[in-house]
Each structure stands twice: as structure tokens, then as C-alpha cells.
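Keep the structure in view while reading.

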Amino acid sequence: MEATASAAAASVFDHLEQAPEDPILGITVAYNKDPHPGKVNLGVGAYRTEEGKPLILNVVRRAEERLLADRSKNKEYLPITGLADFNKRSAMLILGSDSPAVVEKRLVTAQCLSGTGSLRVGAEFLARHYGVKLVFLPTPTWGNHFKVFMNAGLAVKTYRYYDNKTRGLDYEGMLEDIGAAPSGSVILLHACAHNPTGVDPTPQQWEGIRQAIRNRGHLPFFDSAYQGFASGSLDKDALAVRTFVADGGECFIAQSFAKNMGLYGERVGALSIVSKSSGVATRVESQLKLVIRPMYSNPPIHGASIVALVLGDGDLFSEWTVELKGMADRIISMRHKLYDALRARGTPGDWTHILKQIGMFSFTGLNKEQVQFMTREYRIYMTLDGRISMAGLSLKTVPLLADAIHAAVTGAKA
Amino acid sequence: MASGLVRNGAKRFMSTAAAPASSVPAGARSGWWEAVQPAARDPILGVTEAFLADSDPKKVNVGVGAYRNDEGKPVVLECVRKAEQIIAGKQNMEYLPMGGLVKFNDLSVKLAYGDTAPVLEEKRVAAVQTLSGTGACRLFADFQKRFKPDSRIYIPVPTWANHHNIWRDARVEAHTFRYYKPSTRGLDFEGLMEDLKKAPEGSFVLLHACAHNPTGVDPTADQWKEMSQLFKSNGLFPFFDMAYQGFASGDTVRDAQAIRIFMEDGHQLACAQSFAKNMGLYGQRVGCLSVVCDNSQQAVNVKSQLQQIARPMYSNPPLHGAQIVTTVLSDPELKEQWYKEVKVMADRIIGMREALKSNLEKLGSSLPWKHITEQIGMFCYSGLTEDQVDRLTKEFHIYMTRNGRISMAGVTTGNVEYLANAIHEVTK
């Protein structure tokens, strides 16, 4: 009988333990399990409407309809580096169509599995071909960054970024740590709307950072997950990346269309490598293929086709910029509402950082105990580092959150 | 193939763009990538690249294993089109869980193991949605390395070239076992058993569940049973790569018989499933990795660990393809339609095998060609040498991989005579 046969040979994986939940995605798992009707999910960074619903952009719907109606479209394998049209347009979106890297063809772009996949493929390439196998991440950063680079075989260190006291940028600390890093280190930079803090350098500070990085011969690796989402302007949010590329130096860029096109689950992203010459770009592309092929062979077609359509059609593109600004504006208005609600309650502390921070998240400054209290008593689901997804707030839920923060700050253990 | 090398006189684009007002030189050192060598073209996907670049009207692509209809065109299955209509406009696009769409995983493993398989009812199977078959193999290889770091993988000779890349990138020590016998163009069963008997206990063995790629040579049911016994007595772990369920014989149950045989013997195996070919979903990247465990808690543990590997690789798998498969497999009418469409594809290929063989015989070829119809699935391992393959490409504009593998799916009533003629020319 089967039971005896399997008992006689225990699984070779018997020694495995159950892995802990992912700290971010696990929040949604816990939220879904909670039967309480008033629960609020401010965990994962996915945009929600005022009604608390996920949003499919109109332009995405229309692009999908067009794709569906076109019976000549097939589902054949994409090339290893993905849909060429998508790659071209993604690169132009972040770099600007007049970028020297684009004009001089010093650019390789590969479609990858959203931001995560773009980072991982870039990291694997660096581990194989780059002399300095060390990457510096800001403190704090998106939790998954560590494993992405480590699993690719790179050593990971950190540089100072967030200043607890000011709830702003520790600019001096950042420059110091960049200056002290071994020459040629990979420096991971959030292109805009830093995750989880929402704290971005000013244009002047970006210039200082650029000089520090170029002085040490470091390699900048941009993670661009929120272009258009941060300020509402695609060009403004790309400024940091473009000034680096304008100085003629090399860099890596990981782009995600999860948030700004609402294509989360379709895994649409791109890795761009800006190099010094077009000859190098060709060789780099061939080596990228060797990383990708044994990982997943070629990327998924659906999401990239949608993006290529939207970016390539003048009307759809314009409409997209309007929808994008709508999302960014709603988030900014939630920041104001939350700030006003905390002031109205007389919640102790300076909460102006909520207004100054940018993008989807606010780093509230709440500690682990306070967060756990808020989850337990008020059914507010958020990550333990005090990060809240502003996109998950609505006029209806702002008061609840303000109550919870107030209670946590005044009542819970410090 | 010196593709990608910097050609003589290629311009080196040093930036003369006006730098922002600072005296910092752009990039204190010269470019970082000068030492990067051009990588060799992928042996399989590179064939299609070359084919596309050829302007000869008679060109034939029997390279990559993607199905073509008798007009030589790619096919989107009708059941898939219907499924897409059903999901259009309804879904949201939120992130899937790291392990993918749960309903998709449930339906996939039912297809592989049987609807009422005891291991499924006992919830002993850890299943995660993956980036097609490649992603399933890679996830398992990384998992094997993490939890059985000193174990080996045994890979058949020959196999799909990317298998070696996958386990190499996962840093698992790879060995090979004999599989294909050139003299018979069939299975080297004695060699296979001899080699696997030498594998140390705790070794993992890669098996093609059906329609072996690239040879088309599959073990018989009795041979599978013998292998299963050997695996049990020697403590070998069976890892099945099943990329052609339904595509080989036209019957999804029959094509899974190897797995069912091993399951009956109580093995705890793992399986990589792909829906690229049997649902024509190639570019959607839909697959499933399943691992049979001792009990349901262990299945939970294993799934959680697989997710830990997926998260820093791509976070969560793509939605669209999995929704298509789920819609087709959970709707009885669509599922029936799918079975029919898969059989049509399999039957067309079987028909082309017969046509190619009879054409070669009609031309008076003195070489044996019965292996064309004895082999099964998308590929025919023709036995052509590299030189002969190169001649086929240069003189006849026929594109195939240099190991002599012919993708039968690329053969049509329109080109089978031309193909037979060309093969005869280079082999007589």
C-alpha cells in the first residue's frame, strides 16, 4: 500500500522547516486571514482607489482590448531579451528620447520580470563580469533588495540614508559612506520615491551624490519603480537618472511598470545598461542572454505588449499621463488629510514628514511595538518598520488610522 | 561564430556632451565592460534568428520546438481564445502570491498526477506556479542546491541543452547517464541502467516524462517500471521534466504514464510542467513545479521554501497565462475542446513523420529511416552529422539545430518533399 511504501522512504526534504512569511507580502496574507470587517491594509505598495479597490488604468483596458481583437497576434516565444519595441520605448521613457545613450546606441535594454527580475538579472551579470562584487544599499531599503543581490552572489553593505531625527535625508552620512566605499563599488540608488521612507534627495543633493559616485569610480545601479508616481510628472521623476547618464558615465537601471501602469501581476519591467560604447553594448547583451536563458528562457509577453502599445500610441500615452497624475494627486491629498487628522487630534510629535515624503509610502517613525499594537487593536496592517502605503488610504480610513496612531503614540509602550 | 565582436573601425563613442558645471570627470576609469567577451549564440534560439535573417523563399525552419500548422503558421488554440474572452475585462492585475495562482497549481497537479491521485487528496504535494518549464527546472535546481547541497544531478545524454545551463547556474554538481543509442537511434537501456546503478544514493535524476527532447526516444512502460525499481532500491530521486503532456501521443493520461508508474511505487518525486506547447502558450511563460512530500505539513514547508527562492528572483509569477490555463482546465467544455485540439496537433505531427519517412524511402535512400516514426513528440533525432546539417542550411536554406534535431512541428505537406529531398542529397 502506498502509505507503507512512502513511510519506508522518508522524503529527502524531511529536514526542511517552514520558511517565515515574507515581511511585506506576508502582511497581505495576514490581512486576508483577518475576518474583522473594519480592517485596513497599508502593507504592500499597491495602489488603491478612494473606494479601496485595485485600479486598472483605462489605457491598459483599451490596450488589452486591442490586443484581444487582433487575431493576427500570436503567443510565440519572445526573444530572450524580450519585446524589442517594449525595450526601446521603456528606455526612452526613463532616459528621454534625446538621451546621449539612446542617440549613440550605448544602451542595452532587456525586458525582465518587473523590478525584481531586472535587479536580479543585473546583479547576476555583475557577479559574473564586474570586478568589484560588492553592492551598497541605502539604510533602510526595500527588504527584498538584500536577497536579490546576495542570491546573485554579490556581497552587500549599506550606506547611511534616512535620518531618524529629522525624518529626512542624512546627506552628509550618505556622502561620507559613498566616499569610504571601495573604489568601483556598485551603489544602489532609488531613482525617486524612496521605498520605504519616501525621502528623496533634492536636485542639488543629487548633484553632490553624482559627483561623489563618479569621483570614486563607483557604478550606479538605479531602481526606478515609481516614475510618474512620485511627483505626477514622468520627466521630473526621471531627473536623477538623466543627470547621471548625461555625464557620459555608465550605469544600470531597473525599471518597473507594476505601479505606474498598474500592471503588478503581469511582471513588466526592463533592465537597461548604459555603457561607454555601442560595441560594448552588443557584447553585454549577448552575456545578458546567458544569465536569462537558464533562469526562465524568455520573458512573458502579455504585460510588455500592453506597455508597448500605450507608450507607442500618442493618444494612449497622453491619457496615461493624466491617469498617472490622478493617482499621484490622490496620494498627495491623502498625505494632507492624514496630517490634518493627526493635528486635529493633537497627536504629540512633528508629523510634517508625512507631507514632505514623496511617493507611495510614508515612513511614519512608529516603532515595532507601536505597529503591533495598531494591528492588534485597530486592525491596521502595515510593515513592522513603520512604513504605511499611502495608496491604501481613503477618506473613510484616514480617521481610523489617525486614531490608531494617536493611541499608539500616547498609550502604547515606547 | 564570431558574432558580436567589435568590428574593425567601429566608432567608440566617448561622450563629448557638455558635462554639468563641475570638474568631475565622467567615470574616473575607462568603461567597465571592455573585458566582456561576446557570448556564443544560444544553439536553439540562435537558429530562428538565423532563419529570420534569411531571405530565400524556400527556407524551412525545423529548428525551435514551437508548433506550426500545415500552413507553417503559429497557432493560438481556440480554447485559449475563448478563455481570453472570458477573462477579458474581469480580472484585476494585482500581484499573485509568490507561489502563484492557487487554483492554477491545483489544476496543474491534477493534470500531472490524476484527478483523484491519493497524494493530492492527502495534500502531500507542494506546488508553485513557475516561469514555464525553464522556471520550474531552475526553481527546483536552486532548491536542490539549498537543501541538498552535496547532491548530484544526473542528466541524460543527450538532453535539451538548457538543462545543463540550469543546473550549472544553480551550482549543482552534474553528471550524465547514457540514454540515446546512435546505432539503433533508440534507447540505450542497458547503458542507462548501468550508469544509474553507479549513481550514489541521494542523487537526483532528470527524466523526460514523455517525448524526450531532442531524440523523441521514450522508454517503454516495462522499462519505466524497471527504472522505478532501481530508483527505489538505490535511493535515487526522480525529477520529471514534462513539457509535452498530451502532445506526444495525443492523450494526456497516456503521456503521464511514467509519472503514474513511479507514483504507484511510492516514490516522492518532483515534476516540472510546461503549458508552452500543449496549450500553445509559449510566450506567456506558464508552468508548475510540484514536489511530492511525506505529509501535508512537509508540503507546506517545501512550498514556503520554494517561495523564498522565487521572491529574490522575480517576486511572483505572471498572471495572464495562468488565468488562461485555469479557465480552460476548470470549464468542462473548454477542457474537452482542449483535449481535441491537442490531439489534432499530435496527429498532424505523427502524420508528418509518416510522410517524411515514406518520402525518403521513395527517393531510394539506402539509410534506415524507421526511427522517424518510432520516435515520438515534437522532435526527430535524424542522425544527421553537423556537416550534413550545415550543408542543409547553406545549400537548401533548411534550419535545424546542429545535433540533427528536426522539429517535426515545422514540417508541412508543403515542405516535406523538399525536406526529404534535401536530406537525401546530403546523406546519399
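Helix axes here are lines fitted to C-alpha atoms over the stretch in contact, and angles run from 0 to 180 degrees between N-to-C directions. The model is predicted. Chain B and chain A bury about 8700 Å² between them.

**Helix packing around α2(B)**

- α2(B) and α12(B) pack with their axes 9 Å apart, at an angle of about 105°.
- Angles of 65 to 115 degrees count as roughly perpendicular, so α2(B) is roughly perpendicular to α12(B).
- From α2(B), this contact uses B:Cys79, B:Val80, B:Ala83, B:Glu84, B:Ile86 and B:Ile87. From α12(B), the residues are B:His320, B:Gln323, B:Ile324, B:Thr327 and B:Val328.
- Seven nonpolar, three polar and one charged residue make up the contact of α2(B) with α12(B).
- α2(B) also packs with α13(B), a helix of residues 332-362, at an angle of about 150°. Their axes lie 8 Å apart.
- That angle makes α2(B) roughly antiparallel to α13(B).
- Here B:Glu78, B:Cys79, B:Lys82, B:Ala83 and B:Ile86 of α2(B) meet B:Leu334, B:Gln337, B:Trp338 and B:Glu341 of α13(B).
- The contact of α2(B) with α13(B) has five nonpolar, one polar and three charged residues.

**Where chain B meets chain A**

- The contact takes 101 residues from chain B and 101 residues from chain A.
- Of the buried area between chain B and chain A, 56% is on carbon and sulfur atoms.
- Between the two chains there are seven salt bridges. One joins the side chains of B:Arg311 and A:Asp22, at 2.8 Å from N to O.
- Several helices of chain B each supply at least two residues to the side that touches chain A, among them α1 (45-53), α2 (78-87), α5 (132-147) and α12 (319-330).
- α11(B) gives the most to that side, with twelve residues.
- The side of chain B that touches chain A divides into 49 nonpolar, 29 polar and 23 charged residues.

**Salt bridges in the whole structure**

- Over all chains, a search finds 44 salt bridges.
- Within chain A, A:Asp177 forms a salt bridge with A:Arg160, with the closest N and O atoms 2.9 Å apart.
- This pair links distant parts of the chain, 17 residues apart. A:Asp177 is in helix α8 (residues 171-180), and A:Arg160 is in strand β4 (residues 155-160).

Technical notes. Residues are numbered from 1 along each chain as its sequence is written. Chains are lettered from A and ligands numbered from 1 in the order in which they are written. This is a predicted model: local features need pLDDT of at least 70, side-chain atom pairs count only at pLDDT 80 or more; totals for chains, interfaces and linings use all residues. Side-chain values use heavy atoms; hydrogens and water are left out. Contact means heavy atoms within 4.5 Å. Buried area is the accessible area (1.4 Å probe) that two parts lose on being put together, summed over both. A salt bridge is a side-chain nitrogen of Lys or Arg within 4 Å of a carboxyl oxygen of Asp or Glu. Helices (H or I, at least four residues) and strands (E, at least two) are DSSP runs, numbered from the N terminus. Ala, Val, Leu, Ile, Met, Phe, Trp, Tyr, Cys and Pro count as nonpolar, Asp, Glu, Lys and Arg as charged, and the others, Gly among them, as polar. Angles under 35 degrees count as roughly parallel, over 145 as roughly antiparallel, 65 to 115 as roughly perpendicular and the rest as oblique.
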